[in-house]
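Student: I have not looked at this structure before. Could we go through it by question and answer?

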Amino acid sequence: MKPTARKPATADLSCEVCGLMPEPTKTRLTVANVAVMLPIELLVHALVVQTHLPYLAKVLVLTLTATVLVIWVAEPSAARVLKGWLHAPALRHRRRLGAAPALWRARTVLRDQPGSLQKITQALARLDTNILSIHVHPVPGGVLDEFVLSAPGNLSERKLLEALHDGGGSRSHVWPTTALAMADGQTRALSLAARIADAPDELPLAVAELLRARIVPAAEAALQETDDGGTRLKIPTAWHGPITFARPDEPFTPAESARAHRLAELAEILSHRPVVAPRV
């Protein structure tokens with residue numbers, strides 16, 4: 001079997017569109033050019049000085065030779081021979097970015113039995129993944145565990161899915177996320193409840209923000225298929241009919257549905273509450 005050629009480390013720095021490398025620092029480029037140019041310049045000077053050309057001709061030859069060598073020999077040779085040293089700062093920065101932790105949201109369904117959660121946490125720990133938060137939602141056939149994970153930056157989505165499967169999870173999904181995911185659902189719901197208390201008409205936008213979902217237009221909602229896999233949620237309202245929300249590939253949990261319905265009830269109560277005139 002023919003061995004696979006190892007990819008140079010600097011190849012990761014080349015632009016995916018034009019294929020060019022990033023510009024090295026001026027200091028490193030100057031040092032590299034001098035290191036390549038100095039031996040050649042010494043050799044050319046030694047050869048020209050030994051000739052019997054007039055002084056002016058020697059100066060002209062040396063000037064033209066030095067110019068040609070810099071343009072055609074020194075810079076290309078330095079970029080090729082000393083590539084690793086020239087781009088060392090960019091390589092170090094790339095490695096630091098690759099090692100920096102990344103945040104993921106993950107959902108998986110586990111059996112509702114002792115040891116299930118321990119098994120899946122051990123599978124994630126083998127990938128140096130840290131569980132920052134966990135929420136458990138009862139669902140038919142088990143429990144739906146929702147995690148916020150801090151994982152090494154070079155860890156792929158496929159590796160995380162394999163770890164969830166090895167830990168006994170099923171119907172697993174993972175999504176890249178941000179630090180905003182650390183705000184738990186209850187906190188978000190209370191914050192949005194305060195927003196609705198001030199303006200009940202903000203209900204559709206508030207629920208969409210709470211669920212990280214899209215508001216489905218009424219015409220599109222009328223064409224909804226019966227089996228949507230739980231990725232659509234309809235919230236009844238008393239003043240302008242039901243509102244439908246969609247979140248493709250991420251079914252709504254019972255807890256999320258309950259929070260959205262409670263926000264709708266709060267908006268309905270506030271919108272129908274009589275306005276009390278201030279006392280004079």
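Student: How many of the residues of β1 are buried?
Tutor: This is a predicted model, in which local features need pLDDT of at least 70 and side-chain atom pairs count only at pLDDT 80 or more, while totals for chains, interfaces and linings use all residues. Residues are numbered from 1 along each chain as its sequence is written, and side-chain values use heavy atoms, with hydrogens and water left out. Helices (H or I, at least four residues) and strands (E, at least two) are DSSP runs numbered from the N terminus, and buried means under 20% relative accessible area, exposed over 50%, partly exposed in between (1.4 Å probe, protein chains only). β1 is mostly covered, and its buried residues number 7 of 10.

Student: In what order do the strands of the sheet with β1 stand?
Tutor: Two strands pair if DSSP finds at least two bridges between them. β1 pairs antiparallel with β3 over 10 bridges, and with β4, also antiparallel, over 5 bridges. The open sheet has 4 strands with antiparallel pairing, in the order β2-β3-β1-β4.

Student: Which strands stand at the edges of that sheet?
Tutor: An edge strand has a single partner, so one side of it is left without a neighbour in the sheet. The strands in this position are β2 and β4 (170–176).

Student: Which residue of β4 is the bridge partner of Arg105?
Tutor: The bridges between β1 and β4 are antiparallel. Trp104 has Pro176 as its partner in β4. For Arg105 the partner in β4 is Trp175.

Student: Which element gives the most to the lining of the largest pocket?
Tutor: A pocket is an open set of points on a 1 Å grid over the protein atoms alone, with protein on both sides within 12 Å along at least five of seven lines, and lining residues have an atom within 4 Å of a point. The largest one holds about 270 Å³ of space, a volume being the space filled by probe spheres set on the points, which are joined across faces, edges and corners. Of its 15 lining residues, those closest to the centre are Val109, Val139, Leu144, Arg171 and Pro251. β1 and β4 each give two or more residues to the lining, and the most, 3 residues, comes from β4.

Student: Why do the buried residues of α5 line one face of the helix?
Tutor: The buried residues of α5 (116–125) are Ser116, Ile120, Ala123 and Leu124. The directions from the helix axis to the C-beta atoms define an arc. Seen down the axis, these residues line one face because they fall within an arc of 100°.

Student: What covers the buried residues of α5?
Tutor: Contact means heavy atoms within 4.5 Å. The cover includes β1 (101–110), β2 (130–139), β3 (142–152) and α6 (157–166).

Student: At about what angle does α8 run to β7?
Tutor: β7 belongs to an open antiparallel sheet of 3 strands in the order β5-β7-β6. Axes are lines fitted to C-alpha atoms, for helices over the stretch in contact, and angles run from 0 to 180 degrees between N-to-C directions. α8 (203–211) lies across β5, β6 and β7, and its angle to β7 is about 25°.

Student: How many residues of α8 are buried?
Tutor: The buried residues of α8 include Leu203, Pro204 and Leu211. The helix is largely enclosed by the rest of the structure, because its buried residues number 7 of 9.

Notes:
On a 1 Å grid over the protein atoms alone, a cavity is a set of points where a 1.4 Å probe fits but cannot get out, and a pocket is an open set with protein on both sides within 12 Å along at least five of seven lines; lining residues have an atom within 4 Å of a point.
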